[in-house]
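Here are my notes on this model, point by point. Please read them with the structure open.

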Amino acid sequence: MDKPSKIAPAKGKLGVLFPGMGAVSTTVMAGVELVRRGKAQPIGSVTQLGTIRLGKRTDGNTPAIKDFVPLAGLKDIVFGGWDIFKDNAYQAAMTAGVLKFEHQGAVKPFLSTIKPMKAAFDRNYVKAIDGTHVKKGKNKYELALQLKQDMANFKKENRLNRLVVCWTGSTESFVKPEEVHSTPEKFVEAMKASHPAIAPSMLYAWAAVTSGVPFANGAPNLTVDIPAIQQLAHDHNVPICGKDFKTGQTLIKTILAPGFKARMLGLAGWFSTNILGNRDGEVLEDPGSFKTKEESKLSVLEYILQPKLYPVLYGKMHHKVRINYYPPRGDDKEGWDNIDIFGWLNYPMQIKVDFLCKDSILAAPIVLDLVLFMDLAQRAGMRGIQEWLSFYFKSPMTAPGLYPEHDLFIQSMKLKNTLRWMKGEELITHLGQEYYD
Ligand SMILES: NC(=O)c1ccc[n+]([C@@H]2O[C@H](COP(=O)([O-])OP(=O)(O)OC[C@H]3O[C@@H](n4cnc5c(N)ncnc54)[C@H](O)[C@@H]3O)[C@@H](O)[C@H]2O)c1
(Lines give C-alpha, C1' and ligand atoms only; values in the text may rest on other atoms or scores of the structure.)
Protein backbone atom coordinates (compact mmCIF):
# COMPACT_ATOMS: atom_id res chain seq x y z
CA MET A 1 0.00 0.00 0.00
CA ASP A 2 1.29 3.48 -0.84
CA LYS A 3 2.12 5.84 1.97
CA PRO A 4 -0.70 8.41 2.31
CA SER A 5 0.52 11.57 0.64
CA LYS A 6 -1.95 13.66 2.55
CA ILE A 7 -4.47 12.91 5.28
CA ALA A 8 -7.72 14.81 4.82
CA PRO A 9 -8.56 16.91 7.89
CA ALA A 10 -11.27 15.77 10.33
CA LYS A 11 -13.72 18.45 9.25
CA GLY A 12 -17.32 18.49 10.46
CA LYS A 13 -19.16 15.85 12.46
CA LEU A 14 -18.50 12.11 12.66
CA GLY A 15 -21.49 9.76 13.02
CA VAL A 16 -20.83 6.55 14.95
CA LEU A 17 -23.43 3.84 14.38
CA PHE A 18 -23.72 0.70 16.49
CA PRO A 19 -25.60 -2.37 15.31
CA GLY A 20 -26.48 -3.58 18.83
CA MET A 21 -27.20 -1.00 21.54
CA GLY A 22 -26.39 -3.09 24.61
CA ALA A 23 -23.84 -3.01 27.42
CA VAL A 24 -20.74 -2.12 25.41
CA SER A 25 -22.14 0.55 23.11
CA THR A 26 -24.14 2.35 25.82
CA THR A 27 -21.04 2.39 28.03
CA VAL A 28 -19.10 3.99 25.16
CA MET A 29 -21.78 6.64 24.64
CA ALA A 30 -22.05 7.40 28.36
CA GLY A 31 -18.29 7.59 28.76
CA VAL A 32 -17.72 9.87 25.78
CA GLU A 33 -20.45 12.21 27.03
CA LEU A 34 -18.97 12.29 30.56
CA VAL A 35 -15.51 13.03 29.15
CA ARG A 36 -16.93 15.76 26.92
CA ARG A 37 -18.47 17.36 29.98
CA GLY A 38 -15.25 17.15 31.96
CA LYS A 39 -16.74 14.68 34.44
CA ALA A 40 -14.48 11.71 33.65
CA GLN A 41 -11.12 10.77 32.15
CA PRO A 42 -10.93 8.50 29.07
CA ILE A 43 -8.92 5.80 30.88
CA GLY A 44 -7.85 2.93 28.64
CA SER A 45 -8.03 4.92 25.42
CA VAL A 46 -4.83 5.11 23.39
CA THR A 47 -6.21 7.85 21.14
CA GLN A 48 -7.05 10.05 24.11
CA LEU A 49 -4.20 9.36 26.53
CA GLY A 50 -1.45 7.74 24.45
CA THR A 51 1.76 9.37 23.30
CA ILE A 52 4.14 8.54 20.48
CA ARG A 53 7.90 8.96 20.47
CA LEU A 54 9.34 10.57 17.34
CA GLY A 55 13.00 10.42 16.42
CA LYS A 56 15.78 9.47 18.83
CA ARG A 57 15.37 8.84 22.57
CA THR A 58 17.59 11.88 23.08
CA ASP A 59 15.30 14.15 21.01
CA GLY A 60 12.67 14.45 23.73
CA ASN A 61 9.89 14.60 21.14
CA THR A 62 6.88 12.64 22.38
CA PRO A 63 3.62 14.28 21.34
CA ALA A 64 0.16 13.03 22.28
CA ILE A 65 -1.22 10.74 19.58
CA LYS A 66 -4.28 12.94 19.18
CA ASP A 67 -2.01 15.91 18.44
CA PHE A 68 0.20 13.92 16.07
CA VAL A 69 -2.50 12.56 13.74
CA PRO A 70 -5.69 14.42 12.80
CA LEU A 71 -8.34 12.51 14.75
CA ALA A 72 -11.97 13.56 15.06
CA GLY A 73 -12.59 15.38 18.34
CA LEU A 74 -14.95 13.85 20.89
CA LYS A 75 -17.17 16.92 20.63
CA ASP A 76 -17.77 16.12 16.95
CA ILE A 77 -19.08 12.58 17.53
CA VAL A 78 -22.81 11.87 17.06
CA PHE A 79 -24.07 8.43 18.18
CA GLY A 80 -26.82 6.24 16.79
CA GLY A 81 -27.58 2.57 16.25
CA TRP A 82 -29.98 -0.30 15.76
CA ASP A 83 -31.41 -2.85 18.16
CA ILE A 84 -34.08 -5.52 18.30
CA PHE A 85 -35.43 -3.84 21.46
CA LYS A 86 -37.08 -0.41 21.36
CA ASP A 87 -35.33 0.84 24.50
CA ASN A 88 -33.46 4.12 24.16
CA ALA A 89 -29.77 4.14 25.10
CA TYR A 90 -30.55 5.16 28.70
CA GLN A 91 -33.00 2.29 29.19
CA ALA A 92 -30.58 -0.12 27.51
CA ALA A 93 -27.79 1.09 29.81
CA MET A 94 -30.03 0.48 32.83
CA THR A 95 -30.73 -3.08 31.62
CA ALA A 96 -27.00 -3.62 31.13
CA GLY A 97 -26.33 -2.40 34.67
CA VAL A 98 -22.78 -1.23 34.05
CA LEU A 99 -23.01 2.42 35.08
CA LYS A 100 -22.75 3.48 38.69
CA PHE A 101 -25.60 5.45 40.25
CA GLU A 102 -23.63 8.72 40.18
CA HIS A 103 -23.15 8.45 36.41
CA GLN A 104 -26.69 7.32 35.60
CA GLY A 105 -28.32 10.66 36.40
CA ALA A 106 -25.58 12.64 34.68
CA VAL A 107 -26.02 10.88 31.35
CA LYS A 108 -29.79 10.26 31.45
CA PRO A 109 -30.86 13.33 29.41
CA PHE A 110 -28.20 12.61 26.75
CA LEU A 111 -28.69 8.84 26.44
CA SER A 112 -32.50 9.14 26.44
CA THR A 113 -32.33 11.01 23.13
CA ILE A 114 -30.56 8.12 21.37
CA LYS A 115 -33.19 5.76 20.05
CA PRO A 116 -32.37 2.62 18.08
CA MET A 117 -33.46 2.11 14.50
CA LYS A 118 -35.18 -1.18 13.69
CA ALA A 119 -32.73 -4.06 13.44
CA ALA A 120 -32.06 -6.56 10.68
CA PHE A 121 -32.41 -9.66 12.84
CA ASP A 122 -32.96 -13.37 12.54
CA ARG A 123 -33.36 -15.57 15.59
CA ASN A 124 -31.66 -18.45 13.86
CA TYR A 125 -28.35 -16.68 14.47
CA VAL A 126 -28.90 -15.58 18.09
CA LYS A 127 -31.11 -18.14 19.76
CA ALA A 128 -31.12 -16.77 23.31
CA ILE A 129 -32.89 -13.46 22.60
CA ASP A 130 -35.89 -12.24 20.63
CA GLY A 131 -37.29 -8.77 20.00
CA THR A 132 -40.00 -7.01 18.05
CA HIS A 133 -38.11 -3.91 16.91
CA VAL A 134 -37.06 -5.55 13.66
CA LYS A 135 -37.25 -4.77 9.96
CA LYS A 136 -39.46 -6.61 7.53
CA GLY A 137 -38.49 -7.42 3.97
CA LYS A 138 -39.07 -9.93 1.18
CA ASN A 139 -35.52 -11.21 1.50
CA LYS A 140 -32.15 -10.38 3.10
CA TYR A 141 -31.22 -8.10 0.23
CA GLU A 142 -34.21 -5.87 0.96
CA LEU A 143 -33.17 -5.67 4.61
CA ALA A 144 -29.65 -4.68 3.59
CA LEU A 145 -31.02 -1.93 1.34
CA GLN A 146 -33.07 -0.63 4.27
CA LEU A 147 -29.90 -0.48 6.36
CA LYS A 148 -28.19 1.54 3.63
CA GLN A 149 -31.12 3.93 3.68
CA ASP A 150 -30.88 4.20 7.50
CA MET A 151 -27.22 5.19 7.21
CA ALA A 152 -27.94 7.80 4.55
CA ASN A 153 -30.87 9.24 6.56
CA PHE A 154 -28.84 9.37 9.78
CA LYS A 155 -26.06 11.22 8.00
CA LYS A 156 -28.43 13.72 6.43
CA GLU A 157 -30.63 14.35 9.48
CA ASN A 158 -27.62 14.97 11.74
CA ARG A 159 -25.68 16.94 9.11
CA LEU A 160 -22.71 14.63 9.41
CA ASN A 161 -19.57 14.76 7.38
CA ARG A 162 -18.59 11.10 7.81
CA LEU A 163 -19.82 7.82 9.32
CA VAL A 164 -18.25 4.77 10.96
CA VAL A 165 -20.10 1.55 11.87
CA CYS A 166 -18.91 -0.69 14.73
CA TRP A 167 -20.69 -4.02 15.34
CA THR A 168 -21.53 -4.25 19.04
CA GLY A 169 -24.40 -6.68 18.51
CA SER A 170 -24.65 -10.14 20.03
CA THR A 171 -22.36 -12.98 19.04
CA GLU A 172 -24.03 -14.91 16.24
CA SER A 173 -24.01 -18.67 15.72
CA PHE A 174 -20.98 -20.13 14.03
CA VAL A 175 -21.08 -19.63 10.24
CA LYS A 176 -18.46 -21.27 8.02
CA PRO A 177 -17.10 -19.48 4.95
CA GLU A 178 -18.95 -20.77 1.88
CA GLU A 179 -19.05 -20.28 -1.86
CA VAL A 180 -21.73 -17.57 -1.49
CA HIS A 181 -19.19 -15.43 0.40
CA SER A 182 -16.58 -15.67 -2.33
CA THR A 183 -17.47 -12.73 -4.60
CA PRO A 184 -19.63 -9.59 -4.35
CA GLU A 185 -21.92 -10.93 -7.10
CA LYS A 186 -22.50 -14.29 -5.40
CA PHE A 187 -23.06 -12.48 -2.12
CA VAL A 188 -25.83 -10.33 -3.61
CA GLU A 189 -27.47 -13.38 -5.20
CA ALA A 190 -27.33 -15.15 -1.84
CA MET A 191 -28.91 -12.17 -0.07
CA LYS A 192 -31.71 -12.21 -2.63
CA ALA A 193 -32.23 -15.93 -2.01
CA SER A 194 -32.04 -15.39 1.79
CA HIS A 195 -29.29 -18.00 1.95
CA PRO A 196 -28.65 -19.34 5.50
CA ALA A 197 -24.91 -18.54 5.28
CA ILE A 198 -25.74 -14.81 5.17
CA ALA A 199 -25.96 -13.74 8.83
CA PRO A 200 -27.57 -10.42 9.84
CA SER A 201 -24.19 -8.88 10.78
CA MET A 202 -23.12 -9.39 7.15
CA LEU A 203 -26.06 -7.30 5.97
CA TYR A 204 -24.87 -4.36 8.08
CA ALA A 205 -21.32 -4.87 6.79
CA TRP A 206 -22.44 -4.98 3.16
CA ALA A 207 -24.65 -1.91 3.66
CA ALA A 208 -21.79 0.04 5.28
CA VAL A 209 -19.04 -0.91 2.87
CA THR A 210 -21.13 -0.30 -0.25
CA SER A 211 -22.08 3.10 1.23
CA GLY A 212 -18.38 4.00 1.65
CA VAL A 213 -18.58 3.65 5.46
CA PRO A 214 -15.75 1.98 7.48
CA PHE A 215 -16.83 -1.12 9.44
CA ALA A 216 -15.24 -2.54 12.61
CA ASN A 217 -16.39 -5.92 13.94
CA GLY A 218 -16.35 -6.24 17.74
CA ALA A 219 -17.80 -9.77 17.91
CA PRO A 220 -16.24 -13.06 16.80
CA ASN A 221 -18.77 -13.40 13.93
CA LEU A 222 -17.48 -13.98 10.41
CA THR A 223 -19.13 -10.71 9.21
CA VAL A 224 -16.38 -8.87 7.26
CA ASP A 225 -13.97 -11.82 7.27
CA ILE A 226 -15.12 -13.04 3.85
CA PRO A 227 -13.72 -12.38 0.37
CA ALA A 228 -16.92 -10.72 -0.93
CA ILE A 229 -16.87 -7.94 1.67
CA GLN A 230 -13.08 -7.59 1.46
CA GLN A 231 -13.31 -7.13 -2.30
CA LEU A 232 -16.04 -4.53 -1.86
CA ALA A 233 -13.96 -2.71 0.77
CA HIS A 234 -11.15 -2.54 -1.75
CA ASP A 235 -13.42 -1.37 -4.59
CA HIS A 236 -15.16 1.28 -2.47
CA ASN A 237 -11.95 2.48 -0.72
CA VAL A 238 -13.27 1.54 2.69
CA PRO A 239 -11.28 0.32 5.72
CA ILE A 240 -12.55 -2.76 7.56
CA CYS A 241 -11.26 -4.51 10.68
CA GLY A 242 -12.08 -7.20 13.22
CA LYS A 243 -12.70 -9.34 15.02
CA ASP A 244 -13.78 -9.73 18.66
CA PHE A 245 -12.62 -7.01 21.06
CA LYS A 246 -9.59 -8.10 23.09
CA THR A 247 -10.67 -7.25 26.62
CA GLY A 248 -10.42 -9.49 29.72
CA GLN A 249 -8.90 -12.94 29.77
CA THR A 250 -7.49 -12.83 26.24
CA LEU A 251 -5.85 -9.49 26.94
CA ILE A 252 -4.04 -11.04 29.90
CA LYS A 253 -3.17 -14.11 27.82
CA THR A 254 -1.57 -12.02 25.10
CA ILE A 255 0.41 -10.11 27.74
CA LEU A 256 1.71 -13.21 29.57
CA ALA A 257 2.28 -15.74 26.78
CA PRO A 258 4.79 -13.59 24.81
CA GLY A 259 6.78 -13.27 28.05
CA PHE A 260 6.97 -17.05 28.53
CA LYS A 261 8.07 -17.48 24.95
CA ALA A 262 10.65 -14.70 25.11
CA ARG A 263 12.25 -16.51 28.09
CA MET A 264 11.90 -19.98 26.46
CA LEU A 265 9.76 -21.28 29.32
CA GLY A 266 7.58 -24.27 28.47
CA LEU A 267 3.81 -24.50 28.73
CA ALA A 268 2.09 -27.76 29.62
CA GLY A 269 -1.40 -26.34 29.78
CA TRP A 270 -3.61 -23.30 30.19
CA PHE A 271 -7.06 -23.67 31.61
CA SER A 272 -9.27 -20.57 31.42
CA THR A 273 -12.74 -20.31 32.84
CA ASN A 274 -15.10 -17.37 33.23
CA ILE A 275 -18.31 -16.51 34.99
CA LEU A 276 -20.36 -13.61 33.73
CA GLY A 277 -24.01 -12.61 34.01
CA ASN A 278 -24.71 -10.01 31.36
CA ARG A 279 -26.76 -10.50 28.19
CA ASP A 280 -23.59 -11.37 26.30
CA GLY A 281 -23.11 -14.25 28.77
CA GLU A 282 -26.70 -15.34 28.25
CA VAL A 283 -26.23 -15.38 24.46
CA LEU A 284 -23.00 -17.38 24.86
CA GLU A 285 -24.94 -20.12 26.71
CA ASP A 286 -26.14 -21.23 23.31
CA PRO A 287 -23.64 -23.78 21.94
CA GLY A 288 -23.75 -22.17 18.47
CA SER A 289 -22.75 -18.72 19.75
CA PHE A 290 -20.21 -20.25 22.17
CA LYS A 291 -18.51 -22.11 19.32
CA THR A 292 -17.97 -18.80 17.51
CA LYS A 293 -16.42 -17.33 20.67
CA GLU A 294 -14.39 -20.43 21.48
CA GLU A 295 -12.75 -20.47 18.03
CA SER A 296 -11.78 -16.86 18.55
CA LYS A 297 -10.34 -17.40 22.04
CA LEU A 298 -8.48 -20.63 21.32
CA SER A 299 -6.37 -19.51 18.38
CA VAL A 300 -4.38 -17.00 20.43
CA LEU A 301 -1.89 -19.34 22.13
CA GLU A 302 -1.15 -21.39 18.99
CA TYR A 303 -0.13 -18.28 17.12
CA ILE A 304 1.88 -16.70 19.92
CA LEU A 305 3.73 -19.82 21.05
CA GLN A 306 4.24 -21.44 17.62
CA PRO A 307 4.38 -25.10 18.78
CA LYS A 308 5.69 -26.23 15.38
CA LEU A 309 8.78 -24.04 15.82
CA TYR A 310 9.16 -24.94 19.52
CA PRO A 311 7.94 -28.54 19.89
CA VAL A 312 9.90 -29.12 23.11
CA LEU A 313 8.27 -26.16 24.84
CA TYR A 314 4.75 -26.04 23.38
CA GLY A 315 4.22 -29.23 21.38
CA LYS A 316 2.01 -30.86 24.00
CA MET A 317 0.17 -27.92 25.56
CA HIS A 318 -3.46 -28.29 26.58
CA HIS A 319 -5.57 -25.19 26.12
CA LYS A 320 -9.15 -25.07 27.35
CA VAL A 321 -11.58 -22.17 27.55
CA ARG A 322 -14.92 -22.23 29.38
CA ILE A 323 -17.56 -19.51 29.70
CA ASN A 324 -20.32 -19.91 32.28
CA TYR A 325 -23.43 -17.74 32.43
CA TYR A 326 -23.96 -16.79 36.08
CA PRO A 327 -26.55 -14.00 36.43
CA PRO A 328 -25.60 -12.60 39.89
CA ARG A 329 -22.35 -11.21 38.48
CA GLY A 330 -23.91 -9.07 35.74
CA ASP A 331 -21.21 -7.28 33.77
CA ASP A 332 -18.62 -7.97 36.49
CA LYS A 333 -16.89 -10.93 34.93
CA GLU A 334 -14.47 -13.13 36.81
CA GLY A 335 -11.87 -14.91 34.74
CA TRP A 336 -9.66 -17.60 36.28
CA ASP A 337 -6.56 -18.90 34.60
CA ASN A 338 -4.54 -21.87 35.74
CA ILE A 339 -1.25 -21.90 33.87
CA ASP A 340 1.06 -24.91 34.07
CA ILE A 341 4.51 -23.88 32.94
CA PHE A 342 7.84 -25.71 33.14
CA GLY A 343 11.41 -24.54 33.37
CA TRP A 344 15.02 -25.74 33.51
CA LEU A 345 15.23 -29.56 33.74
CA ASN A 346 11.47 -29.71 33.05
CA TYR A 347 10.59 -28.65 36.60
CA PRO A 348 6.89 -27.73 36.76
CA MET A 349 5.54 -24.44 38.11
CA GLN A 350 2.05 -22.96 38.29
CA ILE A 351 0.66 -19.47 37.86
CA LYS A 352 -2.91 -18.56 38.89
CA VAL A 353 -4.63 -15.45 37.64
CA ASP A 354 -7.95 -14.28 39.00
CA PHE A 355 -9.08 -11.24 37.05
CA LEU A 356 -12.15 -9.55 38.51
CA CYS A 357 -12.91 -7.35 35.58
CA LYS A 358 -15.71 -5.31 34.09
CA ASP A 359 -16.38 -6.39 30.55
CA SER A 360 -17.86 -3.24 29.11
CA ILE A 361 -15.50 -0.93 31.00
CA LEU A 362 -12.62 -2.73 29.26
CA ALA A 363 -14.36 -2.74 25.87
CA ALA A 364 -15.49 0.91 25.77
CA PRO A 365 -12.10 2.59 25.19
CA ILE A 366 -11.33 0.01 22.51
CA VAL A 367 -14.49 0.99 20.66
CA LEU A 368 -13.67 4.68 20.91
CA ASP A 369 -10.14 4.13 19.58
CA LEU A 370 -11.37 1.92 16.76
CA VAL A 371 -13.94 4.37 15.46
CA LEU A 372 -11.46 7.25 15.58
CA PHE A 373 -8.66 5.26 13.93
CA MET A 374 -11.00 3.83 11.28
CA ASP A 375 -12.15 7.34 10.42
CA LEU A 376 -8.50 8.41 10.24
CA ALA A 377 -7.63 5.46 8.00
CA GLN A 378 -10.43 6.38 5.62
CA ARG A 379 -9.26 9.99 5.40
CA ALA A 380 -5.73 8.70 4.76
CA GLY A 381 -6.98 6.59 1.84
CA MET A 382 -6.24 3.24 3.54
CA ARG A 383 -8.67 0.63 2.30
CA GLY A 384 -9.44 -3.00 3.05
CA ILE A 385 -8.19 -4.91 6.12
CA GLN A 386 -6.50 -2.67 8.70
CA GLU A 387 -4.06 -5.12 10.24
CA TRP A 388 -2.40 -2.35 12.27
CA LEU A 389 -5.52 -2.37 14.47
CA SER A 390 -4.85 -6.01 15.53
CA PHE A 391 -3.99 -4.54 18.94
CA TYR A 392 -7.70 -4.33 19.70
CA PHE A 393 -8.84 -7.81 18.61
CA LYS A 394 -8.82 -11.41 19.81
CA SER A 395 -8.80 -12.73 16.23
CA PRO A 396 -7.13 -10.07 14.11
CA MET A 397 -7.93 -10.09 10.42
CA THR A 398 -5.02 -10.42 8.02
CA ALA A 399 -4.42 -10.69 4.29
CA PRO A 400 -4.98 -14.24 2.97
CA GLY A 401 -1.98 -16.47 3.70
CA LEU A 402 -0.65 -14.36 6.59
CA TYR A 403 -0.83 -15.58 10.16
CA PRO A 404 -2.22 -13.04 12.63
CA GLU A 405 0.06 -11.31 15.12
CA HIS A 406 -1.35 -11.78 18.66
CA ASP A 407 1.52 -10.55 20.84
CA LEU A 408 0.16 -7.35 22.41
CA PHE A 409 3.57 -5.64 22.38
CA ILE A 410 4.24 -6.35 18.72
CA GLN A 411 0.70 -5.18 17.97
CA SER A 412 1.30 -1.95 19.88
CA MET A 413 4.55 -1.34 18.01
CA LYS A 414 2.84 -2.03 14.70
CA LEU A 415 0.07 0.45 15.55
CA LYS A 416 2.47 3.22 16.47
CA ASN A 417 4.77 2.56 13.52
CA THR A 418 1.75 2.75 11.22
CA LEU A 419 0.92 6.18 12.62
CA ARG A 420 4.56 7.26 12.06
CA TRP A 421 4.46 5.84 8.52
CA MET A 422 1.22 7.68 7.78
CA LYS A 423 2.84 10.95 8.77
CA GLY A 424 6.16 10.33 6.99
CA GLU A 425 8.13 9.99 10.25
CA GLU A 426 11.00 7.53 10.66
CA LEU A 427 9.94 4.12 12.01
CA ILE A 428 11.29 3.07 15.38
CA THR A 429 13.07 -0.30 15.34
CA HIS A 430 14.51 -0.20 18.89
CA LEU A 431 17.94 -1.12 17.48
CA GLY A 432 19.62 1.77 19.26
CA GLN A 433 23.18 1.31 17.92
CA GLU A 434 23.37 5.00 17.06
CA TYR A 435 23.61 5.94 20.74
CA TYR A 436 26.95 4.06 21.00
CA ASP A 437 28.72 5.30 17.87
N1 LIG B 1 -17.61 -6.59 26.61
C2 LIG B 1 -16.57 -7.22 26.21
O3 LIG B 1 -15.59 -7.27 26.90
C4 LIG B 1 -16.56 -7.86 24.86
C5 LIG B 1 -15.36 -8.40 24.41
C6 LIG B 1 -15.30 -8.98 23.16
C7 LIG B 1 -16.43 -9.02 22.37
N8 LIG B 1 -17.60 -8.53 22.83
C9 LIG B 1 -18.75 -8.66 21.97
O10 LIG B 1 -19.38 -7.41 21.81
C11 LIG B 1 -20.75 -7.65 21.55
C12 LIG B 1 -21.58 -6.75 22.45
O13 LIG B 1 -21.41 -7.11 23.81
P14 LIG B 1 -22.43 -6.55 24.89
O15 LIG B 1 -21.91 -6.97 26.21
O16 LIG B 1 -22.75 -5.13 24.63
O17 LIG B 1 -23.72 -7.44 24.57
P18 LIG B 1 -25.25 -7.06 24.83
O19 LIG B 1 -25.98 -8.36 24.79
O20 LIG B 1 -25.40 -6.20 26.04
O21 LIG B 1 -25.63 -6.17 23.58
C22 LIG B 1 -25.81 -6.68 22.30
C23 LIG B 1 -27.04 -6.05 21.72
O24 LIG B 1 -27.13 -6.46 20.36
C25 LIG B 1 -28.49 -6.57 20.03
N26 LIG B 1 -28.59 -7.32 18.79
C27 LIG B 1 -28.43 -8.64 18.57
N28 LIG B 1 -28.56 -8.93 17.26
C29 LIG B 1 -28.77 -7.74 16.63
C30 LIG B 1 -28.96 -7.38 15.28
N31 LIG B 1 -28.96 -8.30 14.31
N32 LIG B 1 -29.14 -6.07 14.99
C33 LIG B 1 -29.13 -5.12 15.97
N34 LIG B 1 -28.98 -5.42 17.27
C35 LIG B 1 -28.78 -6.71 17.59
C36 LIG B 1 -29.10 -7.21 21.27
O37 LIG B 1 -30.49 -6.99 21.32
C38 LIG B 1 -28.34 -6.50 22.39
O39 LIG B 1 -29.04 -5.36 22.86
C40 LIG B 1 -21.00 -9.14 21.78
O41 LIG B 1 -21.00 -9.81 20.54
C42 LIG B 1 -19.80 -9.56 22.55
O43 LIG B 1 -19.46 -10.93 22.38
C44 LIG B 1 -17.68 -7.94 24.05
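1. Start with the domain contact: 26 residues of domain 1 touch 27 residues of domain 2. Two residues count as in contact if their C-beta atoms, placed from the backbone, lie within 7 Å. The domain 1 side of this contact has 13 nonpolar, eight polar and five charged residues. Here Ala, Val, Leu, Ile, Met, Phe, Trp, Tyr, Cys and Pro count as nonpolar, Asp, Glu, Lys and Arg as charged, and the others, Gly among them, as polar.

2. This is a predicted model: local features need pLDDT of at least 70, side-chain atom pairs count only at pLDDT 80 or more, and totals for chains, interfaces and linings use all residues. Residues are numbered from 1 along each chain as its sequence is written.

3. Domain 1 covers 14–245 + 361–422, and domain 2 covers 249–357. These bounds come from an automatic or database domain assignment. The C-alpha centres of the two domains are 26 Å apart.

4. Next, helix 1 against helix 4. Their axes come within 9 Å and cross at roughly 120 degrees. Axes are lines fitted to C-alpha atoms, for helices over the stretch in contact, and angles run from 0 to 180 degrees between N-to-C directions. Helix 1 is therefore oblique to helix 4. Angles under 35 degrees count as roughly parallel, over 145 as roughly antiparallel, 65 to 115 as roughly perpendicular and the rest as oblique. Ala 23, Thr 26, Met 29 and Ala 30 of helix 1 meet Ala 89, Ala 92, Ala 93 and Ala 96 of helix 4. Seven of these residues are nonpolar, one is polar and none is charged.

5. Finally, helix 4 (residues 89–96) and helix 5 (residues 101–112). Their axes come within 7 Å, crossing at roughly 130 degrees. Helix 4 is thus oblique to helix 5. Ala 89, Tyr 90 and Ala 93 of helix 4 meet Lys 108, Leu 111 and Ser 112 of helix 5.

How values were computed: Helices (H or I, at least four residues) and strands (E, at least two) are DSSP runs, numbered from the N terminus.
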